[in-house]
Amino acid sequence: MTKNLFSVMLFAFFGGCLRSLCSQVWGGFWGTIMVNLIGSFLLAFLTYRTIVKRYLASWLNLGLCTGLVGSFTTFGTFSLQSVQLLQQSFLAGVGFMALNLLGGFLLAVLGFRLAMKINRRTGND
């Protein structure tokens, strides 16, 4: 229990720092899109490459996925920015939401497929 908590806290610190860095590099709406797309890919890849195969200890998996990826991605900012864009322009708001949701789904599929391909290549599927 304590090991899990510390793992999530430690990785969440780094995920939050990475999120902040991405916001500075890409700014506003693009920063949100980028972290959500990268996070979608990472979560699917990590889940099917390491967690399902039990390559890492459970406390490390928890830290990586819940802590790192969880604090790196941002549903709250996505929701707020969606409302803000919808108030300014319906088309921009819908486009922003579609890019986040559809792009996130497609990158999750890509992460899954890449992990499965690596697992097959290494004889671990």
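What follows is a short chat about a predicted model of one protein chain.

Reader: What is the secondary structure of the protein chain?

Author: The model is predicted. The protein chain has five helices and zero strands. Along the sequence the pattern reads α-α-α-α-α.

Reader: And what does the C-alpha trace span?

Author: Along its principal axes, the C-alpha trace spans about 50 × 35 × 25 Å.

Reader: How much of the chain is buried?

Author: Of the 125 residues in the protein chain, 31% are buried.

Reader: What share of the contacts with a separation of 6 or more comes from residues 24 or more positions apart?

Author: Such residues account for 74% of those contacts.

Reader: Let's go to helix 1. Where is helix 1, and at what angle does it pack with helix 3?

Author: Helix 1 covers residues 2-26 and packs with helix 3, residues 58-72, at an angle of about 30°. Their axes are 7 Å apart. The cut-off for roughly parallel is an angle under 35 degrees, so helix 1 and helix 3 count as roughly parallel to each other.

Reader: Is the crossing left-handed or right-handed?

Author: Helix 1 passes helix 3 in a right-handed crossing. On the helix 1 side, the contact residues include Phe11, Gly15, Arg19 and Cys22. On the helix 3 side they include Gly63, Leu64, Gly67 and Leu68.

Reader: How many residues of that contact are nonpolar, polar and charged?

Author: The contact of helix 1 with helix 3 has twelve nonpolar, eight polar and two charged residues.

Reader: Which residues of helix 1 are buried?

Author: Ser7, Phe11, Gly15, Arg19 and Cys22 are buried in helix 1. What covers them includes helix 2 (28-51), helix 3 and helix 4 (75-88).

Reader: Those numbers go up in steps. Why would residues three or four places apart point the same way?

Author: An α-helix has 3.6 residues a turn, so residues at that spacing point the same way.

Reader: Same thing for helix 3: what should its residues span?

Author: Its 15 residues should span 21 Å, and the end C-alpha atoms of helix 3 are 20 Å apart, which agrees. The buried residues of helix 3 are Asn61, Gly63, Leu64, Cys65, Gly67, Leu68, Val69 and Phe72. They pack against helix 1 and helix 2.

Reader: New topic. At what angle do helix 4 and helix 5 pack?

Author: Helix 4 and helix 5, the latter residues 90-121, pack at an angle of about 150°, with axes 5 Å apart. That makes helix 4 roughly antiparallel to helix 5.

Reader: Which residues meet there?

Author: Among them, Phe78, Leu85 and Leu86 in helix 4 meet residues of helix 5 including Phe90, Val94 and Met97.

Reader: What about helix 2 and helix 4, how do they pack?

Author: Helix 2 and helix 4 pack at an angle of about 140°, with axes 10 Å apart. That makes helix 2 oblique to helix 4. Their crossing is left-handed.

Reader: Which residues make that contact?

Author: Gly28, Phe29, Thr32 and Asn36 of helix 2 make it with Thr77, Phe78, Gln81, Gln84 and Leu85 of helix 4. Those residues divide into three nonpolar, six polar and no charged.

Terms used. Residues numbered from 1 in each chain as written. Predicted model: local features only at pLDDT ≥ 70, side-chain atom pairs only at ≥ 80, totals over all residues. Heavy atoms only, no water. Axes fitted to C-alpha atoms, helices over the stretch in contact; angles between N-to-C directions. Helix = DSSP H or I, 4+ residues; strand = E, 2+ residues; numbered from the N terminus. Parallel < 35°, antiparallel > 145°, perpendicular 65-115°, else oblique. Left-handed = near helix turned anticlockwise from the far one by under 90°. Contact = heavy atoms within 4.5 Å. Nonpolar A, V, L, I, M, F, W, Y, C, P; charged D, E, K, R; others polar. Buried < 20%, exposed > 50% of the residue type's maximum accessible area, 1.4 Å probe, protein only. Expected span 1.5 Å × (residues − 1).
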